[in-house]
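I opened my notebook to see how one part of this chain meets another. Here is what I looked up, step by step.

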Amino acid sequence: MKRVASLFSADARDDLKKQLGIELSDKHDYTKEELEALYERITDDFPYSFDTEGNPSQTAIAFESIIDVFIQNKLIHKA
């Protein structure tokens with residue numbers, strides 16, 4: 001699948017690069033296996049953090065939106 005990077009906001013792409021070292025490309029033709037591996041890496045290394053009141057941090061909220069993009073655009077095929 002091409003044009004994967006464009007599915008994510010610029011902020012989301014920046015967070016992926018800064019937090020996990022993942023750079024998405026619109027030119028790369030991602031296989032199903034590559035997308036699954038990216039999703040697993042993102043969910044495994046998800047930066048869970050909360051403020052003193054127990055609310056998710058901005059980074060945690062950003063990563064939730066990244067996971068939503070994978071699901072909403074059917075980039076992964078979970079049973």
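**Entry 1: Leu 20.** I began with Leu 20, which lies in helix H1. A note to myself before going further: this is a predicted model. Is Leu 20 buried or exposed? At 10% relative accessibility I count Leu 20 as buried, because the cut-off for buried is under 20%.

Next I asked which residues Leu 20 is in contact with, leaving aside its neighbours within four places in sequence. I found Asp 15, Arg 41, Ile 42, Asp 45 and Phe 63. I then checked Asp 45, which is 25 residues from Leu 20 along the chain. The C-alpha atoms of Leu 20 and Asp 45 are separated by 7.5 Å.

Which residues of H3 are buried? My list reads Ala 60, Ala 62, Phe 63, Ile 66, Ile 67, Val 69 and Phe 70.

**Entry 2: aromatic pairs.** How many aromatic pairs does a search of the whole structure find? The search gave me three.

I looked at Tyr 39 and Phe 70 among them: their ring centres are 5.5 Å apart and their planes sit at 55°, so I call the pair tilted. Tyr 39 is in helix H2 and Phe 70 in helix H3, 31 residues apart, and the pair links these distant parts of the chain. Both partners are buried, Tyr 39 with a relative accessible area of 11% and Phe 70 with 1%.

I turned next to Phe 46 and Phe 63, whose ring centres are 5.9 Å apart with planes at 85°, so this pair is edge-to-face. Phe 46 lies in the loop between H2 and H3 and Phe 63 in helix H3, so the pair ties together parts that are 17 residues apart in sequence. I have Phe 46 down as buried at 8% relative accessibility, and Phe 63 as buried at 0%.

Key
Residues are numbered from 1 along each chain as its sequence is written. This is a predicted model: local features need pLDDT of at least 70, side-chain atom pairs count only at pLDDT 80 or more; totals for chains, interfaces and linings use all residues. Side-chain values use heavy atoms; hydrogens and water are left out. Buried means under 20% relative accessible area, exposed over 50%, partly exposed in between (1.4 Å probe, protein chains only). Helices (H or I, at least four residues) and strands (E, at least two) are DSSP runs, numbered from the N terminus. Rings of Phe, Tyr and Trp (its six-membered ring) pair if their centres lie within 6.5 Å; planes under 30 degrees apart count as stacked, over 60 as edge-to-face and the rest as tilted. Contact means heavy atoms within 4.5 Å.
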